[in-house]
Amino acid sequence: MKRRIALYGGTFDPVHLGHLEVARRLLDLFALDEVLFIPAYVAPHKRLTKVSPALHRYAMLALATQGDARLRVSTVELDAPEKPYTVETLERMQQEFGAQTQLFFVMGADSWGEISTWREWERLLAGSNHIIVTRPGYELQTGQFAPAVSERIVDVRQSNQQEIRARMNGTNETRIYITDAVMTDVSATAIRASARAGLVQDLSQKVPPPVAEYITKYGLYRD
């Protein structure tokens with residue numbers, strides 16, 4: 001069988017418990033071998049926003065994932081800041097892992113809603129499997145695409161592990177899976193506000209303890 005690896009990209013400023021729950025739930029539901037976190041050098045749509053230095057964001061990810069061998073961190077985008085677009089990252093990862101690996105690109109419902117604004121988005125969607133993570137009860141738009149895209153959308157919301165895995169088998173065609181299995185709703189903006197206000201206890205409830213210690217030690221988000 002091919003190895004199954006999910007690519008989980010984002011700014012991760014900071015990584016929090018919601019990110020980790022997404023990763024672990026997808027590992028279970030989609031029979032993944034690992035989830036690879038890919039911190040962005042600076043996400044193209046956030047270039048006008050102040051983002052913490054890449055070293056801090058990478059360090060926090062390393063601390064958050066150190067206890068689980070199935071969770072890893074890649075520096076593929078940090079090492080190539082001149083190639084910041086997801087479609088380029090995905091093609092580099094496909095070359096690195098080769099044909100014996102089945103890749104799944106993970107994105108949130110908000111990113112899915114803006115997918116048509118992404119660089120070469122149709123080539124991006126055709127290049128690998130995708131997992132769209134939404135919240136229970138969230139109304140996700142899927143009817144705005146041409147048949148070439150909409151026919152590959154597989155809605156597995158409210159499906160259990162066995163049902164999802166059964167729908168994954170028996171095809172070599174790339175698919176776009178929609179799941180609402182993750183319940184935690186944590187806001188990175190709220191975490192940064194807690195850090196800025198020095199609310200250490202509140203911070204420790206939203207990020208892993210080593211990450212909370214790192215944020216406090218280096219005074220991140222205080223200004």
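**Figure 1. Burial and overall build of the protein chain.** Of the 223 residues of the protein chain, 46% count as buried, where buried means under 20% relative accessible area, exposed means over 50%, and partly exposed lies in between, using a 1.4 Å probe and protein chains only. This is a predicted model, in which local features need pLDDT of at least 70 and side-chain atom pairs count only at pLDDT 80 or more, while totals for chains, interfaces and linings use all residues. Residues are numbered from 1 along each chain as its sequence is written, and side-chain values use heavy atoms, with hydrogens and water left out. The secondary structure comes to 10 helices and 7 strands; these are DSSP runs numbered from the N terminus, with helices (H or I) of at least four residues and strands (E) of at least two. Along its principal axes, the C-alpha trace of the protein chain spans about 50 × 40 × 35 Å. A compact globule with 223 residues would have a radius of gyration near 17 Å, and the 17 Å of the protein chain agrees with that; the radius is taken over C-alpha atoms, and the globule rule is 2.2 Å times the number of residues to the power 0.38. The protein chain exposes about 11400 Å², with carbon and sulfur atoms supplying 48% of it; accessible areas come from the Shrake-Rupley method with a 1.4 Å probe, and for residues only the protein chains shown count as cover. Among contacts between residues at least 6 apart in sequence, 73% join residues at least 24 apart, a contact being heavy atoms within 4.5 Å.

**Figure 2. V35 and its surroundings.** Look for V35 in strand β2, which covers residues 34-39. V35 counts as buried because its relative accessibility is 2%. Leaving aside neighbours within four places in sequence, V35 is in contact with A6, Y8, A23, L27, R70, L71 and R72.

Figure 3. With a relative accessibility of 38%, R70 counts as partly exposed. The C-alpha atoms of R70 and A23 are 9.3 Å apart, and the two residues are 47 residues apart along the chain.

**Figure 4. The loop between β1 and α1.** This loop, between β1 (3-10) and α1 (17-29), holds P14, and the peptide bond from D13 to P14 is cis, with omega near 5°. F12 lies in the loop between β1 and α1 as well. Phi of F12 is near 50°, a positive value in a residue other than glycine. F12 is buried, with a relative accessible area of 4%.

**Figure 5. Two alanines in loops.** A31 sits in the loop between α1 and β2, and its phi is positive, about 50°, although A31 is not a glycine. At 26% relative accessibility, A31 counts as partly exposed. A197 belongs to the loop between α8 (188-196) and α9 (200-204). With 51% relative accessibility, A197 counts as exposed. The C-alpha atoms of A197 and A181 are separated by 32 Å, with the residues 16 apart along the chain.

**Figure 6. The second largest pocket.** The second largest pocket has a volume of about 370 Å³. On a 1 Å grid over the protein atoms alone, a pocket is an open set of points with protein on both sides within 12 Å along at least five of seven lines, a cavity is a set where a 1.4 Å probe fits but cannot get out, and lining residues have an atom within 4 Å of a point. Grid points are joined across faces, edges and corners, and a volume is the space filled by probe spheres set on the points. The pocket is lined by 19 residues, of which K2, T101, Q102, N129 and N172 lie nearest its centre. Strand β4 (residues 101-108) gives the most to this lining, with 3 residues. The lining divides into 4 nonpolar, 12 polar and 3 charged residues; Ala, Val, Leu, Ile, Met, Phe, Trp, Tyr, Cys and Pro count as nonpolar, Asp, Glu, Lys and Arg as charged, and the others, Gly among them, as polar.

**Figure 7. The largest cavity.** The count comes to 2 cavities of 30 Å³ or more, and the largest cavity has a volume of about 40 Å³. Lining the largest cavity are Q102, F104, N129, M168, T171, E173 and Y177. These lining residues divide into 3 nonpolar, 3 polar and 1 charged.
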